[in-house]
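Subject: Structure handover

Hello,

Here is the structure I said I would pass on. Please open it next to this message and follow the notes below.

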Amino acid sequence: MVFAFTPRLQRLGFDIGSLGLSNINTGGDLIIGENVDPIMEDIKRLSSWVFTTDVGALYQTAHVDVGVAGLSIVPYKNNLETDSIYIDDASMFTYDSLYSSKFMANFKVKFLTMHESPTFDLDFVPSLAVMYAPKTGHSEYYVDLMLNGFFKKHIAGIRSEILFNGQLGLSVHYVRSYFKDRYTKLLNPYVAFDFKNFGITYMQSIYLDNELTSTSGISSGGQISLVLKLGNDRIVRKTAPQSTWK
């Protein structure tokens with residue numbers, strides 16, 4: 001069992017002109033450029049600091065991982081956002097629903113070996129995750145398909161050391177938010193490299209449908225993540241059939 005407690009301090013920055021913001025009328029249609037909040041018309045950029053906390057638990061075996069988590073357990077509000085969303089001067093969503101906590105469950109399969117040798121292993125690792133916000137009905141669904149490769153060298157006896165880890169994958173992401181008929185579909189191809197205690201990941205997000213903004217057609221954007229791991233154990237020990245011991 002693995003337990004996690006993650007306090008997070010984030011800086012949020014927005015370029016108002018590139019957000020593609022729209023208003024929504026009572027019929028649920030997007031109205032571009034009409035009745036925009038006058039405060040937003042003269043502001044080009046906004047920024048804010050946000051603090052919140054996540055908690056989680058993960059049960060791991062040689063074959064599968066099963067995890068649950070609570071995201072944004074400490075409610076927050078930053079100065080970029082309002083207490084309510086208004087439609088035709090009527091408040092539709094209040095503070096409690098806008099900044100509600102989310103709960104997540106995930107399931108990962110780890111024993112599908114595609115190649116195995118003393119120096120290199122390649123696994124297919126599919127996973128499924130679901131996230132839900134009870135107060136808003138906001139929900140997200142993820143299907144992740146990953147190839148996970150290990151380059152290793154034999155040390156002694158049943159032990160080997162992982163020299164390098166590489167991942168290539170595709171994540172399919174579906175979001176339903178606030179309005180039940182508003183949704184977003186994303187494809188997220190990614191590549192990751194793990195050099196002992198240092199890791200780097202690049203992901204490209206491709207929006208196939210995005211009814212939450214005024215942007216039409218397919219759009220995309222990328223992100224890079226850098227991770228430093230402290231006390232990372234990279235020794236693998238063969239205590240079971242080779243297809244299950246990583």
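Which residue takes a positive phi in the hairpin of β11 and β12? It is Gly157, with a phi near 60°, and the hairpin has 2 residues between the strands. Before going further, please keep in mind that this is a predicted model.

**Confidence**

The chain has a mean pLDDT of 76, and 66% of its residues reach 70 or more. The pLDDT is below 50 over residues 22–36, a stretch that has 28 contacts in the model beyond near neighbours in sequence. Residues 240–246 also have a pLDDT below 50, and there the model has 20 contacts beyond near neighbours in sequence. Where pLDDT is low, the predicted coordinates should not be read in detail.

**The strands around β12**

β11 covers residues 138–156 and β12 covers residues 159–176; the two pair in the antiparallel sense over 17 bridges.

Another antiparallel pairing joins β12 to β16 (residues 235–237) by 3 bridges. Here Glu161 has Ile235 of β16 as its bridge partner.

The side chain of Asn148 makes a polar contact of 2.9 Å with that of Asn165, and one of 3.4 Å with the side chain of Gln167. Leaving aside neighbours within four places in sequence, the residues in contact with Asn148 include Asp121, Leu122, Asp123, Val125 and Gly166. Met114 is 34 residues from Asn148 in sequence, and their C-alpha atoms are 9.8 Å apart.

The other residue is Asp65, found in β5 (residues 64–71). Asp65 has a relative accessible area of 6% and is therefore buried. Which side chain does that of Asp65 join in a polar contact of 2.9 Å? It is the side chain of Lys110. Beyond neighbours within four places in sequence, Asp65 is in contact with Leu58, Tyr59, Gln60, Asn106, Phe107 and Lys108, among others.

**Aromatic rings**

A pair of aromatic rings is described by the distance of the centres and the angle of the planes. How many aromatic pairs does a search of the whole structure find? The search finds 6.

In one of them, the ring centres of Phe120 and Phe151 are 4.7 Å apart and the planes are at 40°, so this pair is tilted. The pair links distant parts of the chain, with Phe120 in β10 (residues 120–133) and Phe151 in β11, 31 residues apart. Phe120 counts as partly exposed at 22% relative accessibility, and Phe151 counts as partly exposed at 39%.

Phe164 and Phe193 form a stacked pair, with 6.1 Å from centre to centre and 25° between the planes. This pair also links distant parts of the chain: Phe164 is in β12 and Phe193 in β13, 29 residues apart. Phe193 is partly exposed, with a relative accessible area of 35%. Together with Phe195, the residues Phe120, Phe151, Phe164 and Phe193 form one aromatic cluster.

Regards

How values were computed: Residues numbered from 1 in each chain as written. Predicted model: local features only at pLDDT ≥ 70, side-chain atom pairs only at ≥ 80, totals over all residues. Heavy atoms only, no water. Pairing = 2+ DSSP bridges. Helix = DSSP H or I, 4+ residues; strand = E, 2+ residues; numbered from the N terminus. pLDDT = per-residue confidence, 0-100. Contact = heavy atoms within 4.5 Å. Polar contact = N/O pair within 3.5 Å; in protein donor to acceptor, adjacent residues only side chain to side chain. Buried < 20%, exposed > 50% of the residue type's maximum accessible area, 1.4 Å probe, protein only. Phe/Tyr/Trp six-rings, centres within 6.5 Å; stacked < 30°, edge-to-face > 60°.
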